Amino acid sequence: MSKAFATLAALDAATICHTYARYPVALAHGQGARLYDLDGNEYIDLLSGIAVTSLGHAHPELVRVLSEQAARLAHTSNLLYHAEGPALAEKLLATCYAGKVFFCNSGAEANEGAIKLARRFMRTVRGREACEIVTLEGSFHGRTLATLAATGQDKIKEGFGPLPQGFVTAPFGDIEALAAAVSGRTAAVMVEMIQGEIGVRPLSEEYVAAIEELRRKHGFLLVVDEVQTGLCRTGKFWAHQHWGLTPDIFTAAKPLANGLPMGAVLMSEEAAQGFAPGSHGTTFGGGPLLCAVAAKVLEIMTRDHLAQRAAETGLYFAGLLEELRQEMPDKVAEVRGLGLMLGVELNVPGKPVWEELLRSGFIVNLVGERILRLLPPLIIEREDLELFSLALGKILRKI
Ligand SMILES: *Cc1c(COP(=O)(O)O)cnc(C)c1O
């Protein structure tokens, strides 16, 4: 460990409130799918700042639009019009069935907005006292109090009670339990199509079909949290499109502005009636600077066919990882996921594998004890993925 790193780590520990166990790397700059630390060591990025920098680091077109817009107009508040907002909204709405969008600042805030919208829609449009939000065990919806209440993982709720009321957690993948959890009091069922934080866990076809049947029967809204899965990550623009769903509300955030904080609540025209002027808001959300950058992100994703690229590159990558599983079934339990959102579940403790990967120059995320979560930038080259699977193979053979 270098002196520069040690000095920085000590200052960080002395000044920043400890909510993260950080990786022992201090990044200085990046380019595309490559990152460089303070000592000039190079890394291949298979994390993308947790599914955020989908277009890679220091993308020249984003740098240009960011500096041009900053020099023109960065912030207005939502009390005034600006052209960048609707321009982005048009691009975003062209990728899906949603009719309206509300911009905000993060994934948690987008989900919080979705929960508020579902409840208010039920009361003001449907005239029903349906306020319950049903979510799934293993889910992750954010760190605010309401999104924490929605999150189906007890360990991250510890110490924060009392949490907001009206949230029901259903066991993952259990159709009968879901049928028992929903009723006329349900405002919404809120799901991730592929649970990310728990280790890349997709919903099954049958389970999704059951949600749809229950939705028709009880009239609740379907909310899909696409904060991690959205915007081409899984090989379609939105993960729910793999299942042919039309959610009433879905949320986006992580890659929307490729590293600037931005979230969005997308909704059907009907669901949009749940909000009215004065009912919800944000100071920063949807400002011209963020909207200009996000519009460029969407333009590039569409122009460069990044959904298709993620699907193809993801298949190729999953194939490489599957070869490792076939070679070492005692060490690799399963490779799962869609597009460039992949999980490798190991049969051996993950920490030493993850540490050795980091030492070899690969930044990946370890979730739980044994799952490597792989979220490379969508622009990553196949050669980088080959280098990663070679390194992983070498490490696993030695363990
Ligand atoms: C990251 C994430 C969130 C929270 O987003 P923040 O921007 O950290 O608030 C919510 N839902 C899912 C599925 C996520 O992956």
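**Charged pairs and their setting**

Author: Arg 303 has a relative accessibility of 39%, so Arg 303 counts as partly exposed (buried means under 20% relative accessible area, exposed over 50%, partly exposed in between, with a 1.4 Å probe and protein chains only). This is a predicted model, in which local features need pLDDT of at least 70 and side-chain atom pairs count only at pLDDT 80 or more, while totals for chains, interfaces and linings use all residues. Residues are numbered from 1 along each chain as its sequence is written, and side-chain values use heavy atoms, with hydrogens and water left out.

The partner of Arg 303 is Asp 304, and their side chains form a salt bridge at 2.8 Å, N to O (a side-chain nitrogen of Lys or Arg within 4 Å of a carboxyl oxygen of Asp or Glu). Asp 304 is also partly exposed, because its relative accessible area is 35%.

Another pair is Lys 296 and Glu 299, whose side chains meet in a salt bridge of 3.4 Å, N to O. Both belong to helix H10, residues 288-303, and stand 3 residues apart there, so about one helical turn separates them (helices are DSSP runs of H or I of at least four residues, strands are runs of E of at least two, and both are numbered from the N terminus). Lys 296 counts as buried because its relative accessibility is 19%. For Glu 299 the value is 31%, so Glu 299 counts as partly exposed.

Helix H12, residues 350-359, holds a pair set 4 residues apart, Glu 355 and Lys 351, so these two are also separated by about one helical turn. Their closest N and O atoms are 3.8 Å apart, and the two form a salt bridge. Glu 355 is partly exposed at a relative accessible area of 31%, and Lys 351 counts as partly exposed at 46%.

Over the whole structure the search finds 20 salt bridges.

What of the overall charge layout? The protein chain carries 38 positive and 45 negative charges, and their mean positions lie 3 Å apart. In that count Lys and Arg are positive and Asp and Glu negative, with His and the chain ends left out; each charge is placed at NZ of Lys, CZ of Arg, CG of Asp or CD of Glu.

Glu 345 sits in strand E14, residues 341-346, and is partly exposed with a relative accessible area of 25%. Setting aside residues up to four places away in sequence, Glu 345 touches Val 332, Ala 333, Glu 334, Arg 336, Arg 370 and Ile 371 (contact means heavy atoms within 4.5 Å). Glu 345 and Glu 369 are 24 residues apart in sequence, with 9.3 Å between their C-alpha atoms.

His 218 lies in helix H8, residues 205-218, and counts as buried at 19% relative accessibility. With residues up to four places away left out, His 218 touches Arg 128, Val 182, Ser 183 and Gly 184.

Leu 338, in strand E13, residues 332-338, counts as partly exposed at 26% relative accessibility. Beyond its neighbours within four places in sequence, Leu 338 is in contact with Ile 194, Arg 233, Thr 234, His 242 and Trp 243.

Buried residues are 55% of its 399 residues. Among contacts with a separation of 6 or more, 72% join residues 24 or more positions apart. The C-alpha trace spans about 60 × 55 × 45 Å along its principal axes. A compact globule of 399 residues would have a radius of gyration near 21 Å, and the chain has 21 Å, which agrees.

Definitions and conventions: The radius of gyration is taken over C-alpha atoms; the globule rule is 2.2 Å times the number of residues to the power 0.38.
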